[in-house]
Amino acid sequence: MEQKQYQRKIYLEDKPRAEARDEILAAFLQTSEMEMIPAVDALGRVTAEPIFAHVSMPHYHASAMDGIAVIAESTYQAHEQNPQYLKIGEQFCFVDTGNAIPTPFNAVIMIEHVHIVDEETIEIIEPATPWQHIRPIGEDIVQEEMLFPQGHLLRPADLGVLLAAQQLTVPVVKKPVVTIIPTGNELVEAHSELAPGKIIEFNGTVFSGFVKDWGGEPRLHSIVKDEPEKIKEVLLEAAETSDIIVINAGSSAGRKDFTVHIIAEIGEVFTHGVAARPGKPVILGKINGKIVVGVPGYPVSAYLALEWFVQPLICKYLGIPVPKRQTVMVKLGRRIVSSMGAEDFIRMNIGYVNGQFVANPL
């Protein structure tokens with residue numbers, strides 16, 4: 001195949017970023033898959049269906065205090081002026097926090113409110129009420145109660161709830177596979193000998209970290225040279241094994257920027273370029289039903305494009321909302337000038353000066 005085929009012009013569009021995001025989300029029709037995993041390994045996973053308790057918590061009437069278990073009705077006469085004496089075994093028994101309350105006792109008196117007379121006798125000076133200091137069956141969790149709905153992101157405390165309810169395995173949404181393809185003749189691995197014009201490939205590792213943090217399963221491909229046939233081969237392979245494809249570099253309009261032409265040949269290009277900076281030359285397309293996001297080689301542009309387009313795709317697959325960024329009100333340290341017609345994302349250095357946050361562009 002002649003290289004000139006890849007040199008036809010595909011101009012950068014100025015599609016609004018939000019419009020481009022909505023278009024690619026609408027085109028992302030992947031059906032989420034479910035898998036069963038051990039509850040102890042489910043941190044950060046998303047429930048694929050509602051989860052219900054197998055047992056109650058507690059599953060027996062339990063003492064909430066260290067003290068003595070008594071029959072509440074037999075202590076109603078106790079008073080400072082009328083101490084009441086109880087015999088062990090017949091009228092009370094010692095219990096620690098978490099112990100089961102034996103029949104026929106129905107209340108617990110804290111050990112601090114008990115005067116031990118001898119090995120068999122105690123003295124109390126105030127009455128107990130029924131179910132005082134007792135955790136009844138199901139106080140925290142009732143058997144068959146719904147613990148978590150579908151689409152719940154499991155937190156550390158949630159894993160404790162699952163185990164307490166004897167849910168040892170849980171149905172979760174399978175992580176979407178995101179293949180990351182770094183391209184460029186100038187790229188080398190970090191362990192390689194460096195020469196002028198050679199650049200260490202590190203974007204792929206950063207991308208993988210973001211994908212993993214957002215709930216996806218990153219698969220970092222080895223470096224692919226700027227050879228159209230090789231890029232096409234790798235994209236087609238990734239479309240067979242991935243849910244989302246991210247190809248890094250080659251998205252601009254330079255002499256060796258083949259990516260958009262290859263995607264157009266073997267798939268569909270939704271947009272080449274969005275009205276935002278950095279990150280303008282992003283490519284959004286589809287190959288064999290799989291979304292492809294072509295991100296620029298410049299790291300800042302690439303990271304923004306990932307957040308704009310890849311994170312929403314992962315969240316859509318998992319069925320969770322896209323997390324909101326934390327914001328802070330600042331006073332600008334100097335004027336910022338921006339051209340009309342595009343969103344500008346400015347990296348800022350923020351300091352706390354005289355009781356207020358002050359931001360200056362980097």
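Biologist: Why is the way α3 passes α6 called a right-handed crossing?

Modeller: A crossing is right-handed if the near helix is turned clockwise from the far one by less than a right angle, and left-handed if anticlockwise. α3 goes past α6 in the right-handed way. Bear in mind that this is a predicted model, where local features need pLDDT of at least 70, side-chain atom pairs count only at pLDDT 80 or more, and totals for chains, interfaces and linings use all residues. Residues are numbered from 1 along each chain as its sequence is written, and side-chain values use heavy atoms, with hydrogens and water left out.

Biologist: What makes α3 roughly parallel to α6?

Modeller: Helix α3 (residues 203-213) and helix α6 (residues 299-318) pack at about 30 degrees, with axes 11 Å apart. Angles under 35 degrees count as roughly parallel (over 145 is roughly antiparallel, 65 to 115 roughly perpendicular, the rest oblique), so α3 gets the roughly parallel label against α6.

Biologist: Which residues of α3 and α6 meet?

Modeller: With contact taken as heavy atoms within 4.5 Å, N203, V206, F207, F210 and V211 from α3 meet P299, A302, Y303, L306 and I314 from α6. By class, that contact has nine nonpolar residues, one polar and no charged.

Biologist: And how does α1 sit against α6?

Modeller: Helix α1 (residues 17-27) and α6 have axes that come within 10 Å and cross at roughly 35 degrees. The crossing of α1 past α6 is right-handed too. From α1, the residues R17, A20, R21, I24, L25 and A26 meet W308, F309, P312, L313 and K316 of α6. This contact of α1 with α6 splits into eight nonpolar, no polar and three charged residues.

Biologist: How do you know that the F210 and W214 rings are stacked?

Modeller: Searching the whole structure turns up eight aromatic pairs. For F210 and W214, the ring centres are 5.3 Å apart and the planes sit at 25 degrees, so the pair is stacked. The cut-offs: ring centres within 6.5 Å make a pair, and planes under 30 degrees apart are stacked, over 60 edge-to-face, the rest tilted. Ring pairs also join F207, F210, W214 and Y303 into a cluster.

Biologist: Why is W214 called buried, and F210 partly exposed?

Modeller: Buried means under 20% relative accessible area, exposed means over 50%, and partly exposed is in between. W214 comes in at 12%, so buried; F210 is at 31%, so partly exposed.

Biologist: How does Q81 score, buried or exposed?

Modeller: Q81 has 68%, so exposed. Q81 lies in the loop between β4 (67-70) and β5 (84-87). Its C-alpha is 7.8 Å from that of I125, though the two are 44 residues apart in sequence.

Biologist: What makes Q166 and N288 stand out in phi?

Modeller: Most residues other than glycine have a negative phi, and most peptide bonds are trans. Q166 has a positive phi of about 60 degrees; it is in the loop between α2 (156-164) and β12 (169-173). At 47%, Q166 counts as partly exposed. N288 has a positive phi near 50 degrees, in the loop between β20 and β21 (290-295).

Conventions
Axes are lines fitted to C-alpha atoms, for helices over the stretch in contact, and angles run from 0 to 180 degrees between N-to-C directions. Helices (H or I, at least four residues) and strands (E, at least two) are DSSP runs, numbered from the N terminus. Ala, Val, Leu, Ile, Met, Phe, Trp, Tyr, Cys and Pro count as nonpolar, Asp, Glu, Lys and Arg as charged, and the others, Gly among them, as polar. Rings of Phe, Tyr and Trp (its six-membered ring) pair if their centres lie within 6.5 Å; planes under 30 degrees apart count as stacked, over 60 as edge-to-face and the rest as tilted. Buried means under 20% relative accessible area, exposed over 50%, partly exposed in between (1.4 Å probe, protein chains only).
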